[in-house]
Each structure stands twice: as structure tokens, then as C-alpha cells.
Amino acid sequence: MTARRSPVAMVWPGVGGRHRATAVDPPAPAPGEALVEVELATICGSDLHTVSGRRPGPAPGVLGHETVGRVVRLGDGPVPRDVRGRDVVVGDRVAVGIYAACGECRRCRRGLPQKCERLFKYGHAPLAEAGPLSGGYASHVLVRAGTPLAVVPPDLPAALAAPLGCATATAVAAVSAGGAVSAGGAGVAGLNVTVCGAGLLGLLATAMLAERDAAVTVVDPDPGRRATAKLMGAANAVGPADEPPPADLYIELSGAPAAARSAVARTATGGTIVLAGTVSPGAPLDWEAQDLVRGLLTVRGVHNYAPADLAEAAAWTESAAARLPVEALLGAVHPLDDLDAALAEAARSASIRVGVVPRA
Ligand SMILES: [Zn+2]
Ligand SMILES: [Zn+2]
């Protein structure tokens with residue numbers, strides 16, 4: 001089976017430049033690879049940072065790393081296996097993970113494929129090295145061997161399926177990092193949890209935690225997002241100047257330096273702090289070591305996720321989809337050709353996610 005039309009990728013030239021639609025010869029996937037025709041790509045906040053120049057980006061390159069689509073072609077030989085263990089077949093609807101890992105290096109063998117020594121990240125690679133079908137802002141993505149892939153059912157809303165490979169799986173990783181170590185691994189039921197940031201990660205983490213009977217307080221400056229946090233199950237939603245109750249689990253997903261700095265002061269004795277929002281320089285911490293010692297605190301850093309997190313993210317999303325306010329999570333959806341307009345809207349609007357689709 002071949003792609004029905006010539007693939008197109010939106011090449012980003014660098015900060016200040018407009019995306020350029022570029023036709024691409026249909027690729028022949030190598031063994032272990034899959035060609036995926038994109039159904040929907042959602043715009044993650046990290047792409048907005050890249051486009052604005054706040055974060056170094058691959059220029060020229062193809063951005064986008066939250067993608068759901070359909071497998072239209074597989075390489076000969078070994079086929080990709082989805083994160084829940086079944087072979088991928090042509091026609092499968094898949095959420096594409098954010099990276100490909102070698103599976104063989106020291107970090108992969110330690111169970112840290114997201115930190116593979118030969119890591120490849122979709123939407124983060126220069127065109128010259130990765131080729132054009134290396135990001136979600138394209139009609140197709142060439143999925144490499146070693147990429148976590150989640151096969152999802154046809155009726156799962158695309159607005160929930162596309163973010164699986166970044167926001168949802170990372171939210172699972174952050175929640176797991178807290179749940180696995182808090183209260184002796186007994187979970188979060190009955191605990192006070194503070195979630196900083198009501199972007200998509202924070203909202204999804206809130207829904208996961210609320211389902212596990214945690215009392216979640218969400219901290220976010222935007223009143224609209226605080227209202228959405230309530231829809232996702234937050235017991236409480238407050239502004240950054242308000243003081244949340246002392247947290248048994250404090251999850252920082254906003255990237256705001258003040259939210260990371262205040263983690264220790266806001267965490268109860270015996271609590272766990274998970275920092276997952278800060279991925280750029282500029283947030284030095286000035287915690288007192290004795291506060292960690294005397295407070296019996298655990299601090300965990302979380303960046304991206306392992307394939308098992310994507311598997312849990314997919315299973316959770318499928319089970320929760322009917323209860324989630326999908327319309328509050330995805331705003332406008334633009335044609336791929338209007339990617340610059342979509343990015344501009346994502347940057348200025350309060351939408352949790354803005355989407356792009358290859359066909360209008
Ligand atoms: Zn992302
Ligand atoms: Zn590796």
C-alpha cells in the first residue's frame with residue numbers, strides 16, 4: 001500500500017520566518033519503520049517556545065510532536081510493536097511517541113529510553129539530518145524503529161489521541177513519579193496534591209489524580225484555565241499569589257521558576273516533589289538542604305517518559321474519554337497550510353491546544 005498522495009512537510013526556517021510547504025517524494029520505510037498519514041497534530045507549548053526563540057530549535061526543520069494518524073505503509077521485515085504489545089499493521093490508528101531510542105545503549109538498558117545515547121526526537125531534529133518527515137507538521141511522519149507507538153481505537157477523539165505522545169504520557173510519568181514514592185507506594189487516595197500549571201499536562205494530571213481520590217489544588221494565573229481544572233476534577237483552583245494547602249505531593253508542570261522555587265515551602269512533611277515543567281535555564285533553586293532532610297522530602301525530576309507510560313496514557317485516555325471535557329481541551333483546528341496562523345493563535349489565545357490537519 002502506498003501513500004495516496006505525495007507527502008508535504010511544513011519546513012520551519014528559523015525564528016521570525018514563515019513555514020514553507022515542501023513536497024516530498026513518498027519514502028520507502030526501512031525494516032521496523034512505518035509511514036503514518038497524519039490525521040491531527042496538536043501544538044504543544046514547547047513548539048511555541050521554539051518558534052518565538054525562547055528555546056533553541058532545529059532550523060531549518062519540521063516541528064510538531066503530538067500526532068495521531070494512520071499507518072499507510074510498513075517496511076519489510078520486523079514490524080513495529082505498539083506499547084501494549086501487539087504488532088502494528090497497515091490501517092492502524094496510532095499516536096506517535098515523541099522519540100526513537102536505540103534499545104541497546106547503557107541508558108536504554110537501564111530503562112531510560114527517553115535519555116537514549118542515540119536519541120532521536122520528532123519535531124526537534126534538523127532537516128539535513130532527519131529529513132522532512134520527522135515532525136508532526138506534515139501530511140506524513142516516517143516513524144523510526146524504536147519509537148513508542150500506541151494503537152488507539154477509531155472512536156477515540158483525535159483531540160485526546162494526538163497529545164498522547166507528549167502531554168498525556170508525560171503527565172502519566174509525573175503522576176507515577178509521585179504515586180510510586182508517596183506513602184510507601186500506597187497511592188494518592190486522600191492525599192493533598194498541588195498541581196502547578198493548568199496547561200494540558202496539568203489538566204490531565206489533575207484528572208488522573210482526582211480519579212484516584214486525591215484532593216487536587218491547581219495553581220494557575222489564568223481564570224479560564226482554573227475553571228477548566230475544576231471540570232477536570234480539581235477540588236480547588238487558585239492563583240499563584242494564593243497559598244495552596246501543604247501538599248503531600250507537589251507536581252510542578254508550569255515551568256514558572258517561582259513554582260519550582262516555592263516547592264519545598266509548599267510541601268508537607270514526608271511529601272514528594274515532582275519537577276517536570278522546567279526544561280530551560282533560568283530557574284535556580286535556593287532550598288535549604290535541612291528542609292529536605294528534616295521534612296523527609298523526596299524530589300524527583302521527570303522529563304518525557306518511558307514506553308510503559310505511553311501504554312498507561314493510552315489505556316487511561318480510552319477509559320476516561322467519555323468523562324473528559326474534550327471541547328475545552330482543543331480550540332480551533334487549522335489546515336496544515338495555515339500553520340503560521342495556527343501557531344499565532346496558539347500563542348495568543350487561551351486555548352489549551354490548537355490543532356492542524358493536513359486536509360482542510
Ligand atoms: Zn510537547
Ligand atoms: Zn539507546
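I started at R323, which I found in the loop between α10 and α11 (326-329). The model I am reading is a predicted one. R323 has 12 other C-beta atoms within 10 Å and is therefore exposed, since 12 or fewer is the cut-off for that class.

**Helix α10 and its partner**

Helix α10 (residues 307-320) packs with helix α5 (residues 167-179) at an angle of about 105 degrees, and the axes are 8 Å apart. The two helices are therefore roughly perpendicular to each other. I listed the contact: α5 gives T168, A169, V172, A173 and S176, while α10 gives D309, L310, E312, A313, W316 and T317. Sorted by type, the residues of this contact are 6 nonpolar, 3 polar and 2 charged.

**The parallel sheet**

Next I traced an open sheet of 6 strands. I read its order as β12-β11-β10-β13-β14-β15, and the pairing is parallel. Which strands stand at the edges? They are β12 (236-238) and β15 (298-301); each has a single partner strand, so one side of each has no neighbour in the sheet. From one strand to the next the twist averages 15 degrees.

I looked at β11 (residues 215-219) in more detail. Its link to β12 consists of 3 bridges, and the two strands run parallel. One pair I checked is V219, whose bridge partner in β12 is V238. Strands β10 and β11 also run parallel and are joined by 5 bridges. There I noted T194, which has T217 of β11 as its bridge partner. Of the 5 residues of β11, 4 are buried, so the strand is largely enclosed by the rest of the structure.

I then asked what lies across this part of the sheet. Helix α6 (residues 200-211) lies across β10 (192-196), β11 and β13 (247-252), and runs at about 165 degrees to β11.

**Two loops with positive phi**

D213 is in the loop between α6 and β11. I read its phi as near 65 degrees, a positive value in a residue that is not glycine. Is D213 buried or exposed? It counts as exposed, because 12 C-beta neighbours fall inside 10 Å.

L296 sits in the loop between α9 (289-294) and β15. Its phi is positive as well, at about 55 degrees, although L296 is not a glycine. With 10 other C-beta atoms within 10 Å, L296 is exposed.

I moved on to helix α12 (residues 339-348) and picked out its buried residues: L339, A342, L343 and A346. Why do they fall on the same side of α12? They cover an arc of only 95 degrees around the axis, which puts them there. The general rule is that an α-helix has 3.6 residues a turn, so residues three or four places apart point the same way. I also looked up what this buried set packs against, and got β1 (8-11), α1 (45-52), β16 (330-335) and β17 (353-357).

Turning to α1, I found G45, S46, D47, T50 and V51 buried. The cover over the buried residues of α1 includes α12. Just after α1 comes G53, with a positive phi of about 90 degrees.

I followed the chain on to the loop between α1 and β4 (67-74), where P60 is found. The peptide bond from A59 to P60 is cis, and its omega is near -10 degrees.

**Strand β8**

My last entry is strand β8 (residues 140-143). H140 and L142 point one way and V141 and V143 the other, and all are buried. I checked its pairing with β3 (residues 34-42): the two strands run antiparallel and 4 bridges join them. The pair I wrote down is A34 with V143 of β8.

Conventions: Residues are numbered from 1 along each chain as its sequence is written. Chains are lettered from A and ligands numbered from 1 in the order in which they are written. This is a predicted model: local features need pLDDT of at least 70, side-chain atom pairs count only at pLDDT 80 or more; totals for chains, interfaces and linings use all residues. Axes are lines fitted to C-alpha atoms, for helices over the stretch in contact, and angles run from 0 to 180 degrees between N-to-C directions. Angles under 35 degrees count as roughly parallel, over 145 as roughly antiparallel, 65 to 115 as roughly perpendicular and the rest as oblique. Two residues are in contact if their C-beta atoms, placed from the backbone, lie within 7 Å. Ala, Val, Leu, Ile, Met, Phe, Trp, Tyr, Cys and Pro count as nonpolar, Asp, Glu, Lys and Arg as charged, and the others, Gly among them, as polar. A residue is buried if 20 or more other C-beta atoms lie within 10 Å of its own, exposed if 12 or fewer, and partly exposed in between; C-beta atoms are placed from the backbone. The arc is that of the directions from the helix axis to the C-beta atoms. Two strands pair if DSSP finds at least two bridges between them.
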